[in-house]
Amino acid sequence: MEKAIKLKIRKDVSGRQQFDIIKLKGSLISKGYTEIIHILDQDDEFHINSFATRDEIKNEVQDYISSFISKENLADTVSFVK
């Protein structure tokens, strides 16, 4: 069974933050966590990025994203949507 993971991503970001966000999305795909990431506008400030992943690796994926956010100082830019 697949589970969706949703991320809320700020639209107004620096060039460096944009690069790091693209790096995060690319690594999610290259690691085989997902094949496609859907992007929707939430409002004037945020996008919602969502993707499906296998249930058995969902916690691993969330841990990877959390670690990436922390390592790249993106806590004010990227967050999980519950």
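Predicted model: local features only at pLDDT ≥ 70, side-chain atom pairs only at ≥ 80, totals over all residues.
Tyr-64 forms a tilted aromatic pair with Phe-68, in which the ring centres are 6.3 Å apart and the planes stand at 40 degrees to each other. Both residues belong to helix α2, where they are 4 residues apart, or about one turn of the helix. Such a spacing can be understood from helix geometry in general: an α-helix has 3.6 residues a turn, so residues three or four places apart point the same way. Phe-68, for its part, is buried, with a relative accessible area of 6%.

The structure holds 2 aromatic pairs. In the pair made by Tyr-33 and Tyr-64, the ring centres are 5.9 Å apart and the planes meet at 55 degrees, so this pair, too, is described as tilted. Tyr-33 lies in the loop between α1 and β2, whereas Tyr-64 lies in helix α2 (residues 58-71), so the pair ties together parts that are 31 residues apart in sequence. Tyr-33 counts as buried, at 10% relative accessibility. Taken together, Tyr-33, Tyr-64 and Phe-68 form one aromatic cluster.

Helix α1 runs over residues 15-30, and its 16 residues reach 22 Å from the first C-alpha to the last, which is close to the 22 Å expected at 1.5 Å a residue. Within this helix, Asp-20, Ile-21, Leu-24, Ser-27 and Leu-28 are buried. After α1 comes Gly-32, whose phi is positive, near 80 degrees.

## Salt bridges

Side chains of opposite charge can pair when their charged atoms come close. In this model the count comes to 7 salt bridges. One of them joins Arg-16 to Asp-20, with the closest N and O atoms 3.5 Å apart. The two residues are 4 residues apart in helix α1, so about one helical turn separates them.

Glu-72 is buried, with a relative accessible area of 14%, but Lys-71 counts as exposed at 60% relative accessibility. These residues take part in a network of salt bridges that links Arg-16, Asp-20, Lys-23, Lys-71 and Glu-72. Another salt bridge is formed by Glu-56 and Arg-54, whose closest N and O atoms are 3.0 Å apart. Glu-56 is exposed, with a relative accessible area of 61%, and Arg-54 counts as partly exposed at 40% relative accessibility.

## The hairpin of β2 and β3

Strand β2 (residues 38-41) and strand β3 (residues 46-54) pair in the antiparallel sense over 4 bridges, and the two strands form a hairpin with 4 residues between them. As an example of this pairing, Ile-39 has Asn-49 in β3 as its bridge partner.

The loop between β2 and β3 contains Asp-43, which counts as partly exposed at 36% relative accessibility. Asp-43 and Lys-11 are 32 residues apart along the chain, and their C-alpha atoms are separated by 9.4 Å. A contact of another kind involves Lys-8 and Phe-46: the charged end of Lys-8 sits over the ring of Phe-46, at 4.4 Å from the centre of that ring.

Key. Residues numbered from 1 in each chain as written. Heavy atoms only, no water. Expected span 1.5 Å × (residues − 1). Buried < 20%, exposed > 50% of the residue type's maximum accessible area, 1.4 Å probe, protein only. Pairing = 2+ DSSP bridges. Phe/Tyr/Trp six-rings, centres within 6.5 Å; stacked < 30°, edge-to-face > 60°. Lys NZ or Arg CZ within 6 Å of the ring centre and 35° of its normal. Salt bridge = Lys/Arg side-chain N within 4 Å of Asp/Glu carboxyl O.
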